[in-house]
Amino acid sequence: MLAARAAVRKPALFRRAIDLGCGTGLAATAFASKVDHFIGIDLSPRMIERARATGLYAQLEVAEMVEGLRGGPDASANLVLAADAMVYLSDIAPLLREAKRVLAAGGVLAFTVETHDGDGVTLGEGLRYAHGASYVRSSIGNAGLELSRLEELSARNEDNVPVPGLVVVAGKS
């Protein structure tokens, strides 16, 4: 992530970050030294309580990801993260539009998705969506964001086998 930030010549410190689908707080743990003010959003109250126990979040909210973003002010975040969370959305366009709105100029959106060899979106056996690379690229462009990195990389294993995935970094100019 920091390499992607450096690639677009931005400092490695984020004043305000939003962690979508924050779960237990793994992303906040990874980015804690790079973020001044972390906001966590998760649909599960139990996950929010576990995230609260980390002590890394300034704010936590029980909400669906898009709705959580809609509650945020325009241009209020420097970083929006969605690590292993976009797999629960078939249509990522509404989330991308809201992320663009809440990002300040020069802000970064970083997320992972599971992927497949075809186009569009498929629903896997584990009830997680897999997004084709061309679908992700076009969705980012349609949202008015600038794609800076789209890399094949698994974010998780299932039955000790890496699940095909993409790491995506986009920016708001």
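1. Arg 15 counts as partly exposed, because its relative accessibility is 48%. The cut-offs are under 20% relative accessible area for buried, over 50% for exposed, and partly exposed in between, with a 1.4 Å probe and protein chains only. The model is predicted: local features need pLDDT of at least 70, side-chain atom pairs count only at pLDDT 80 or more, and totals for chains, interfaces and linings use all residues. Residues are numbered from 1 along each chain as its sequence is written, and side-chain values use heavy atoms, with hydrogens and water left out.

2. Arg 15 lies in strand β1. Leaving out residues up to four places away in sequence, Arg 15 touches Asp 36, His 37, Ser 76 and Asn 78; contact means heavy atoms within 4.5 Å. Asp 117 is another matter. C-alpha to C-alpha, Arg 15 and Asp 117 are 37 Å apart in space, and 102 residues apart in sequence.

3. Strand β1 covers residues 14-20, and six of these seven residues are buried, so the strand is largely enclosed by the rest of the structure. Helices (H or I, at least four residues) and strands (E, at least two) are DSSP runs, numbered from the N terminus.

4. Which strands pair with β1? Strand β2 (residues 35-42) runs parallel to β1 and is joined to it by six bridges. Asp 19 stands opposite Gly 40 in β2. The chain gets from β1 to β2 through helix α2 (residues 26-31), and this β-α-β crossover is right-handed. Right-handed here means that, with the strands pointing away from the viewer, the path from the first strand over the helix to the second runs clockwise.

5. Strand β4 (residues 77-82) also runs parallel to β1, through three bridges. Here Ala 17 stands opposite Leu 79. Pairing requires at least two DSSP bridges between two strands.

6. The largest nonpolar core has 31 residues; Ile 18, Leu 20, Val 80, Met 86, Leu 96 and Phe 111 touch the most other members. At least two core residues come from each of β1, β2, α4 (65-70), β4, α5 (93-102), β5 (103-114), α6 (133-142) and β11 (165-171). A nonpolar core is a set of buried Ala, Val, Leu, Ile, Met, Phe, Trp, Tyr and Cys residues joined through side-chain atoms within 4.5 Å. A second, separate core of 17 residues includes Ala 17, Cys 22, Tyr 57 and Leu 79.

7. Ile 18 deserves a look. Beyond its neighbours within four places in sequence, Ile 18 contacts Ile 39, Ile 41, Leu 69, Ala 77, Leu 79, Val 80, Leu 81 and Val 102.

8. Helix α5 has these buried residues: Ala 93, Leu 95, Leu 96, Glu 98, Ala 99 and Val 102. They pack against β1, α4, β4, β5 and α6.

9. Val 108 lies in strand β5. Its relative accessibility is 5%, so Val 108 counts as buried. Val 108 and Gly 171 are 63 residues apart in sequence, yet 4.5 Å apart in space, C-alpha to C-alpha.

10. Now the whole chain. The secondary structure comes to six helices and eleven strands. Of the 173 residues, 46% are buried. Among contacts with a separation of 6 or more, 57% join residues 24 or more positions apart. The C-alpha trace spans about 40 × 35 × 25 Å along its principal axes.
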